[in-house]
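Colleague: I would like a close look at the aromatic side chains of this model, and then at whatever packing surrounds the rest of the chain. Please give the cut-off behind each term as you use it.

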Amino acid sequence: MRVPLSWLRDFTPLDLRVEEVAATLDDLGLAVESVERVGEGLDGVVVVRVLEIAAIPGADRIRAVRVDAGGPEAVPVVCGAWNFAEGDLVPLATVGTVLPGGMQIGARRMKGAPSEGMLCAPDELGLPGGHDGILVLAPGLVPGSPVAEALGLGPDTVLELEVNANRPDAMSVAGVARDLAARLGLPFALPEPARSHPPSTGDGLAPGPVSVEVEDPERCGRFVAQVVAGITVGPSPPWLAQRLARAGMRAINNVVDASNYVMLELGQPTHPYDLARLPGRGLRVRRARPGESLVTLDGVSRAVGDDDLLICDGEDQPAGIAGVMGGASAEIDEATTEVVLEAAWFDPLSVARTSRRLKLRSEASARFEKGCDWTVIDRAVARFCELLAPAGAEPVGGPVDVVGLVPDRRPVCLRVARVGELLGTSLGAEEIAGLLDPLGFTTAPAGEGVLEVALPPWRLDSTGEIDLVEEIARLYGYRRIPASVPRSPLTGGLTARQRDRRTARQILVGAGADEAWCATFVGEADLSRCGLDPAEAVVVANPLVAEQSRLRTSLLPGLLGAIAHNQRNRLGEVSLFEVGHTFRRRRSSTPDEELPDEVEALAYAAAGADATDAVAVWHLLAEGLAVADWRLEATAAPGLHPTRGATLVGDEGAVGVVGEVDPDVLAAHGIAGRVAWLELDLARLLAAPRGPDAYRPVSRFPSSDIDLAFEVDETTPAAEVEATLRRAGGPLVVGLALFDVYRGDQVGAGRRSLAWTVRFQAPDRTLTDDDVAAARHRLVAEVERRHGATLRSSAAGGREVPAGPS
């Protein structure tokens, strides 16, 4: 909101530097976003009277003008405007003047005619009104007097404020001035406008030449209509137009400008209707009916719904949308001579819903949504009439006032001790009253250490004790309240899930992987290139770029893209991991609703590695998180090698997939070599049953290693064979490492060879050859029994050596 400093001084005697005013507003919670100095550069512009207008030989677009500038001789000026006549008063920029736009005026000759200055258009003086012609001033001004003094313009400073939603009172110049006066201890007063009639009583019985009917008193708590006649529509006085312009509002005509001026000054929106264009000479406030529409002032036809409130004419036809925007049917134009002014209070929530549904936001709706003051309506109507009075307009009769249901503003009890507890201050009851009373809150003692506080109608945001404490803090000054660190019996810390997520990250970093972040948005081609089904992806309604119109269903596209990028930059064997969200389409029970299935996933990708390495990383995660009772099931997963992939399964179902990326997928990305892949549903992983989190002592005795190679069916997962080896060996097996997988002529069709290094170690003694031989026998027998395996090799030097190439 833009607030001219001169306007604030209409309500309170501010005698501070601009910087001090801005600092005070900042401390009050009304952040000053910018400070702009305006109106400078009019020092050399004076009022002159046109004495003579003559043609210039050979020039048909400019004329020679002689003006009276208050001196002994007339001043010659050449001008190209044609909208003024002899005897008119106009502004003259004298030689040497630098206008607000930076133009410097000098003496010159045009078509042989001398010109000692320039007659000015409104925009050349920084005034609204454009460049269509010279600014013709009102009669009665003295030639030679400064224009700024004659029009009451002068330099000014405009403060642009950020007004939060909980400050309805700060949506007006008077509200901002009230805050400043309260903080600075200055007097504050709302100037009393001249009235030609007593204020309305609110009983709806005041006589008037229009009828008013309110069918929804809950949404329209008060409606006042005032007829004003004798109007001549024209431009507003320069001071008013200039003040509107500095407040960020364009001048339109004197009637509309008066309405806007009252809204900016008092925070009460009003709307004038051309009474001659209002059928039935009446106003009715009612809910919209199905199928109704109206053309609003912006020229758009808008369909309204049964939850919207309308202002209708006497024949029940829509004439405006209550609290949002008026209709074009009774718009003010040059032919208007009589208006009926609407000033009302509308329910904030209903205005907000209508404004949001129609996608129509106006200065009026911004104020009604926050909550206006229904008690200021009489003053707003009188102020509107006062602003139009110099043009001959007069109110006809008294206002018609219909009162419905307005908010119940019951007093609030404020505990003095509670203020001290919350703010850390030692303010007494008198000091608190001295802070609240200047804001319009009326305090009175209500017992020992308690104040009863009446809430002003312009502060609908204040409803309870805590709101009053906030106001006390604002007025007292946040900078004056000592800073302290709150104490709590509870100390901060990570949740179990947060600790486990951090542990998983640390394990992958310890495995040599770097954490990556990849885009959530992918293209249909990205999914297809990874062997993923684009039909399962959620389609983005408004993608930033067409090539990223889907939400990823896996972390595979992003990490493969990162590996490909690194290889193109000669970084071949990189290991990456990512924790991120994936999305899949999920059909709901309702046909017109499709909700995405969102999963937080953890993925690991290593270039130059194979499925064995991916399984090894999984072992690190499983051991680090103490995941119990899991197994690998050989399955074909999208994007993975058809025979080198498996599903990780726990007690609650699938946890993820592990293996190698399909060579065709790698070729599509231009990636050389193999890529190990592990992708897990992080929520399921962290929710999986945990084994005992116990430490074992490290044995001081030597270990013995043997190698065992088994020929097994192609469909037998290596993880199942490994699990059998661990169970059969018991506590003596302290290490297992799969070091060779062989398929070829030396094994049968549909078979493969799996070779492990097995490490035996006892915690309390050195194992003998007989101990190792007995343990080896148990391992071989159990694998052969459970998996139909065949031991492929014979003993050689106490070790089992695999036959065939690796």
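Which residue lies over the face of Trp82, and at what distance from the ring centre?

Modeller: Arg63 lies over the face of Trp82, and its distance from the ring centre is 4.3 Å; a charge counts as sitting over a ring if NZ of Lys or CZ of Arg is within 6 Å of the ring centre and within 35 degrees of the ring normal. Arg178 is placed over the face of Trp458, at 4.2 Å from the ring centre.

Some ground rules come before the rest. This is a predicted model, in which local features need pLDDT of at least 70 and side-chain atom pairs count only at pLDDT 80 or more, while totals for chains, interfaces and linings use all residues. Residues are numbered from 1 along each chain as its sequence is written, and side-chain values use heavy atoms, with hydrogens and water left out.

Turning to ring against ring, the structure contains six aromatic pairs, where rings of Phe, Tyr and Trp (its six-membered ring) pair if their centres lie within 6.5 Å, with planes under 30 degrees apart counted as stacked, over 60 as edge-to-face and the rest as tilted. One of these is formed by Trp345 and Trp374, whose ring centres are 6.0 Å apart and whose planes stand at 85 degrees, so the pair is edge-to-face. This pair links distant parts of the chain, since Trp345 belongs to strand E20 (residues 339-346) and Trp374 to the loop between helix H8 (363-370) and helix H9 (377-388), 29 residues apart; helices (H or I, at least four residues) and strands (E, at least two) are DSSP runs, numbered from the N terminus. Both Trp345 and Trp374 are buried, a term that means under 20% relative accessible area, with exposed over 50% and partly exposed in between (1.4 Å probe, protein chains only).

Trp618 and Trp630 also make an edge-to-face pair, because their ring centres lie 5.3 Å apart and their planes are at 85 degrees. Trp618 sits in helix H16 (residues 611-624) and Trp630 in the loop between H16 and strand E30 (631-634), 12 residues apart. Trp618 is buried, at 2% relative accessible area, whereas Trp630 counts as partly exposed at 24% relative accessibility. Elsewhere, Trp7, Trp239 and Tyr261 form one aromatic cluster.

As for the wider packing, a nonpolar core is a set of buried Ala, Val, Leu, Ile, Met, Phe, Trp, Tyr and Cys residues joined through side-chain atoms within 4.5 Å. The largest such core has 75 residues, of which Leu8, Leu25, Phe384, Leu414, Ile432 and Ile472 touch the most other members. Helix H6 (residues 254-266) gives the most to this core, with eight residues. Ile472, apart from its neighbours within four places in sequence, is in contact (heavy atoms within 4.5 Å) with Leu414, Val419, Leu423, Leu427, Ile432, Leu435 and Leu436. A second, separate core of 38 residues includes Ala225, Ala319, Met325 and Ala330.

Met325 is also among the contacts of Thr296, if neighbours within four places in sequence are left aside. Thr296 is found in the loop between strand E15 (293-295) and strand E16 (301-303), and at 0% relative accessibility Thr296 counts as buried. The side chains of Thr296 and Arg302 make a polar contact at 3.1 Å, meaning a pair of N or O atoms within 3.5 Å, where within protein one must be able to donate a hydrogen and the other to accept it, and residues adjacent in sequence count only if both atoms are side-chain atoms.
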